[in-house]
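Subject: Structure handover

Hello,

Please find the structure below. My notes on it follow.

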Amino acid sequence: MFQFRKPRLKKKNSVYIIFVLSYISILVLTLSSAFVYYAEINQRITKQTELSTVTLLNQLKTGIEDDLLYISELSNEIVFNKKLELAAKGATDSYSELMKDMASKRKPRELLFDYFVYMNRTDEIVTPNIQMDAQRFFHLMYEFKDLDYGTFAKDYLQGNHFQEYMEIQTMNQYESNTIEVLPYIQSFPMTTSSRPLGQVIFFIDAKNMFTLVNQLRQVTNSDVYILDENNHLIISSDNAPGIDMQKIDGLVNGRSSHEEIINKVVSEKNGWKYISSTPKGLYFKENTKYLMNFIAIFLIYLVGGLFIVRFLAKRSYKPLKEIHDLIQSHAQAPGDSRNEYENIKNTLLDQIKNGKELNEIIEKQIPIVRRDYLLNLIRGMMTNYDEAAQQIASIGIHFASDTFLIGALEIDMDSSFFMDHVNLSEKSLSLTRVVAENVGCELMSEYFICYFLDAGRNQSIYLLNLREGRNPAEAVALARQQANTLIQFAARHYRLNLNLGISSPHSRLINLQNCYDEAKKALEYSKLRDICETVCFGDLGHLHFDYYYSMETEHQLIELLKRGQYEEAKEFLNTIFEINTSKNIGVGAAKLLLYEVASTLLKVMNFSLVTNGNDPVTDERIIEQMIDHASLDVAKRRFLEMIDNIAELSEHRVISKTEKLVQQIAEYIDQNAGEHWLDLNRLSQEFEVTPQYISNVFKKYKHENVKDYIARHMLGRAKELLVKTDLSIREIALQLGYASEVGITRLFKKYEGVTPGDYRQENKENRNGS
């Protein structure tokens with residue numbers, strides 16, 4: 001037996017034994033330390049139980065208090081509503097306006113069961129939905145089971161009541177359903193001591209209050225009580241015994257009497273008391289049970305832990321052994337088989353060294369990746385500019401601002417630098433590019449983040465991003481200054497002539513292709529000059545025959561149309577026309593521009609026709625008809641109509657249910673904004689989807705926040721009423737659905753920068769003057 005076990009001891013070498021001893025040490029240390037901290041844990045559990053009870057009491061208080069606060073606020077809104085007072089005094093023959101106001105103010109609340117108004121003058125009850133004789137109302141709609149109507153009318157419908165709660169009442173609802181409610185009564189008006197005009201009555205759902213209280217009782221095993229500010233019991237949990245307020249008032253949270261532990265929370269808003277009473281025996285029973293369970297679990301874990309230690313040690317050692325065996329099988333020189341750690345460490349060090357060499361190779365390729373990506377970006381070869389910001393950050397490209405320029409550089413091949421060499425070699429060209437990159441980027445870096453891109457043979461590109469804190473209006477002047485310094489340096493030290501054109505500044509990555517187009521055109525004019533000097537695109541403004549429609553721009557427009565992004569294509573087409581309009585191009589250039597754009601759109605239309613199985617349009621007269629005797633504005637309208645035609649032909653244009661829903665929501669807002677109060681909750685109820693869903697899909701398809709969309713329509717209606725009527729600002733605000741003129745004032749300041757009064761005065765003066 002000894003000879004059989006000795007090799008197994010060698011096989012179970014140092015690493016396996018370390019695993020076993022480590023797991024046993026952790027197991028024993030963990031379990032033994034539990035005894036050391038048992039007393040503290042026991043004390044903390046007891047304290048935590050008390051804190052949890054107080055926390056739950058606070059949650060119960062907050063839940064009930066929030067609903068009661070809402071009921072109180074809603075009561076005040078109704079009481080101070082001028083329509084209520086007018087209706088109560090008989091100043092109006094109809095309660096319809098009051099009923100509408102009552103219906104519009106209510107929001108779903110867990111404890112609010114119902115509310116209505118009692119009118120003293122007519123002895124009637126008015127709800128958001130009905131108007132009925134009071135006695136008949138309390139017979140048909142809500143009938144007291146244990147309270148005579150005459151007593152109720154005398155004690156509660158006639159006197160003055162200020163935020164008064166009755167006892168919980170059991171009532172028959174609609175002569176069939178039995179309910180329990182806590183009545184809340186407020187007389188109106190509140191500013192008089194004489195006989196009131198009526199009462200505002202709320203029914204608070206006592207059943208929900210019972211549910212909340214009993215839920216707390218089930219969680220804490222405590223008797224729960226709710227008392228008002230005068231220590232009158234409002235509600236208690238099921239089977240709760242009577243409560244001794246003298247004993248409770250003398251105790252604070254967590255302090256106990258001989259038989260029980262009492263916790264109390266008092267509302268700062270209405271003075272209500274929320275009390276829990278837990279028998280002491282429950283605490284002691286739980287702690288004793290916890291101790292016995294702790295000992296039993298300790299023994300079970302100790303025995304089971306030893307088996308688990310053996311299992312984990314084998315399991316942890318197995319992959320390490322496999323790695324070590326794999327290393328040994330592939331090692332050129334075998335190592336010490338018992339020293340697995342040393343063998344694995346040496347192998348990892350070798351791999352890290354090899355990985356570092358691989359990373360160095362990858363790092364050498366990063367500049368090439370950056371160059372190709374930026375070239376595609378500025379040439380308009382990107383398909384999704386929204387993702388470009390994340391992609392450029394992933395390859396180490398960082399921009400400091402949203403202002404971009406591009407410098408297009410061309411090295412003059414007739415420079416003296418090249419004349420000194422019998423054969424023009426790639427080495428000499430490379431040297432000139434090194435000069436252009438190092439000197440140019442160093443000069444530009446004072447004001448810009450500069451990326452140098454090799455565009456092939458003797459052409460290069462500077463991508464310039466204005467540094468933070470610099471004025472965009474000075475960007476061109478700064479770039480011209482540094483570019484001229486570069487040209488002078490290359491001529492003086494290398495006898496190298498450089499031609500350089502700089503674009504106008506543009507914002508957003510999508511406009512880099514415009515910068516590139518402008519820089520190339522400026523470069524062409526630079527090459528025509530007798531002296532080497534930087535030409536900026538802004539210098540060419542007087543040339544009326546120049547227009548903007550590059551190959552990259554055409555490619556971008558075609559891509560947008562083929563992907564079915566017709567609205568984006570229209571915006572892009574507008575941008576093309578805006579750029580060319582700002583150039584003040586001549587008639588000939590305008591005609592060439594219109595011909596090229598029309599040709600592009602005809603290409604895409606033919607693509608859609610062929611895709612749908614139709615014959616393409618080949619008659620060139622169609623293009624002539626589109627641009628013949630047409631101004632830029634007229635031609636643009638025709639082109640936009642042609643895009644709509646392409647959209648109808650395209651098989652990809654299928655309006656989804658979501659987009660149809662957005663269109664319906666927009667139409668609903670168009671028809672109702674300014675006539676009815678609109679918000680996300682109203683739209684949610686109308687279209688039976690959540691407010692968050694409406695907000696997200698509206699933003700996606702309309703590219704505008706739904707709240708701003710509503711606000712613009714409300715603003716338009718408000719402007720119309722201010723200019724065309726003599727209604728006061730308050731009356732206009734109420735007509736639009738605002739509670740006061742504060743809402744309409746905020747609306748005008750946000751979108752117009754003036755108050756409604758100032759807007760009315762300015763526009764009425766303009767009308768009178770005209």
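Leaving aside its neighbours within four places in sequence, which residues is Thr-600 in contact with? They are Tyr-549, Glu-554, Leu-557 and Ile-558, where contact means heavy atoms within 4.5 Å.

Before the rest, two points on how to read the notes. This is a predicted model, in which local features need pLDDT of at least 70 and side-chain atom pairs count only at pLDDT 80 or more, while totals for chains, interfaces and linings use all residues. Residues are numbered from 1 along each chain as its sequence is written, and side-chain values use heavy atoms, with hydrogens and water left out.

Overall

The protein chain has 28 helices and 18 strands. Both are DSSP runs numbered from the N terminus: helices are H or I with at least four residues, strands are E with at least two. Of the 770 residues in the protein chain, 41% are buried. Buried means under 20% relative accessible area, exposed means over 50%, and partly exposed is in between, with a 1.4 Å probe and protein chains only. The protein chain exposes about 43800 Å², and 52% of that comes from carbon and sulfur atoms; accessible areas come from the Shrake-Rupley method with a 1.4 Å probe, and for residues only the protein chains shown count as cover.

Thr-600 and helix H19

Thr-600 belongs to helix H19. With a relative accessible area of 0%, Thr-600 is buried.

Helix H19 covers residues 587–611, and its axis comes within 10 Å of the axis of helix H21 (residues 632–649), crossing at roughly 10°. Axes here are lines fitted to C-alpha atoms, for helices over the stretch in contact, and angles run from 0 to 180 degrees between N-to-C directions. That crossing makes H19 roughly parallel to H21; angles under 35 degrees count as roughly parallel, over 145 as roughly antiparallel, 65 to 115 as roughly perpendicular and the rest as oblique. On the H19 side the contact includes Ala-590, Leu-594, Leu-601 and Met-605, and on the H21 side it includes Phe-639, Met-642 and Ile-646. The residues of this contact divide into 17 nonpolar, two polar and no charged. Ala, Val, Leu, Ile, Met, Phe, Trp, Tyr, Cys and Pro count as nonpolar, Asp, Glu, Lys and Arg as charged, and the others, Gly among them, as polar.

The four-stranded sheet

Four strands form an open antiparallel sheet in the order S10-S9-S12-S11. Two strands pair if DSSP finds at least two bridges between them. Strand S10 (233–236) and strand S11 (260–266) are the edges, each pairing on one side only. On average, neighbouring strands of the sheet are turned by 20° against each other, direction ignored.

How many bridges join S9 to S12? Strand S9 (residues 223–227) and strand S12 (residues 273–279) pair in the antiparallel sense over five bridges. Asp-223 has Ser-277 of S12 as its bridge partner, and Leu-227 stands opposite Lys-273. On the pairing of S11 with S12, seven bridges join the antiparallel strands. There, Val-266 is opposite Lys-273. The hairpin of S11 and S12 has six residues between the strands, and Gly-271 in it takes a positive phi near 80°. S12 is largely enclosed by the rest of the structure, because six of its seven residues are buried.

Helix H8 (residues 206–220) lies across S9, S10 and S12 and runs at about 55° to S10.

Backbone details

Asn-221, in the loop between H8 and S9, has a positive phi of about 55° although it is not a glycine. Asn-221 counts as partly exposed, at 49% relative accessibility. Arg-495 is also not a glycine, and its phi is positive, near 50°. Arg-495 sits in the loop between helix H15 (475–494) and strand S16 (498–502), and is partly exposed with a relative accessible area of 45%.

Where is Pro-189? Pro-189 lies in the loop between strand S7 (177–188) and strand S8 (198–205). The peptide bond from Phe-188 to Pro-189 is cis, with omega near -5°.

Regards
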